[in-house]
Amino acid sequence: MGKRLTEQEKRDREINRIISKISKLEKVHEKELVESACARYKRTQVERRKAQEEFEQAERKLQELKKRLK
């Protein structure tokens with residue numbers, strides 16, 4: 001038969017189980033933070049590219065209008 005655990009061993013196991021759960025929650029939280037930051041970065045890059053394209057299009061239009069005025 002198995003050995004009976006002492007009260008101290010039971011407490012130690014419970015403490016280790018709680019520590020393990022906390023660790024897992026921290027890892028999930030960190031993963032979510034990284035994913036969120038990654039998503040924000042991607043959105044920012046898309047917006048930056050869009051703004052750059054709009055700026056370049058506006059510059060081309062300005063050059064075209066300048067040519068028409070000459």
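Helices are DSSP runs (H or I, at least four residues), as are strands (E, at least two), and both are numbered from the N terminus. This is a predicted model: local features need pLDDT of at least 70, side-chain atom pairs count only at pLDDT 80 or more, and totals for chains, interfaces and linings use all residues. Residues are numbered from 1 along each chain as its sequence is written, and side-chain values use heavy atoms, with hydrogens and water left out.

Side chains of opposite charge can pair when their charged atoms come close. How many salt bridges does the structure hold? There are three. The term means a side-chain nitrogen of Lys or Arg within 4 Å of a carboxyl oxygen of Asp or Glu.

Start with Lys10 and Glu7. Their closest N and O atoms are 3.7 Å apart. Both residues belong to helix H1 (residues 7-69). They sit three residues apart, about one turn of the helix. Exposure follows set limits: buried is under 20% relative accessible area, exposed is over 50%, and partly exposed is in between (1.4 Å probe, protein chains only). Lys10 counts as partly exposed because its relative accessibility is 39%. Glu7 has 54%, so it counts as exposed.

Next come Arg17 and Glu14. This salt bridge has its closest N and O atoms 3.8 Å apart. Arg17 is partly exposed, at 44% relative accessibility. Glu14 is partly exposed too, with 37%.

Now go to Arg68 and Glu64. Their closest N and O atoms are 3.0 Å apart. Why are they separated by about one helical turn? Because they are four residues apart in helix H1. Arg68 counts as exposed, at 61% relative accessibility. Glu64 counts as partly exposed, at 44%.

One group of charges remains. Which residues gather in a patch of negative charge on the surface? They are Glu53, Glu54, Glu56 and Glu59. Patches are made of residues with over 30% relative accessible area and no salt bridge; like charges are joined within 9 Å, and nonpolar side chains (Val, Leu, Ile, Met, Phe, Trp, Tyr) within 5 Å. For Glu, the place of the charge is taken as CD. Glu59 is found in helix H1. Its relative accessible area is 41%, so Glu59 is partly exposed.

Methods: Accessible areas come from the Shrake-Rupley method with a 1.4 Å probe; for residues, only the protein chains shown count as cover. Lys and Arg count as positive and Asp and Glu as negative; His and the chain ends are not counted.
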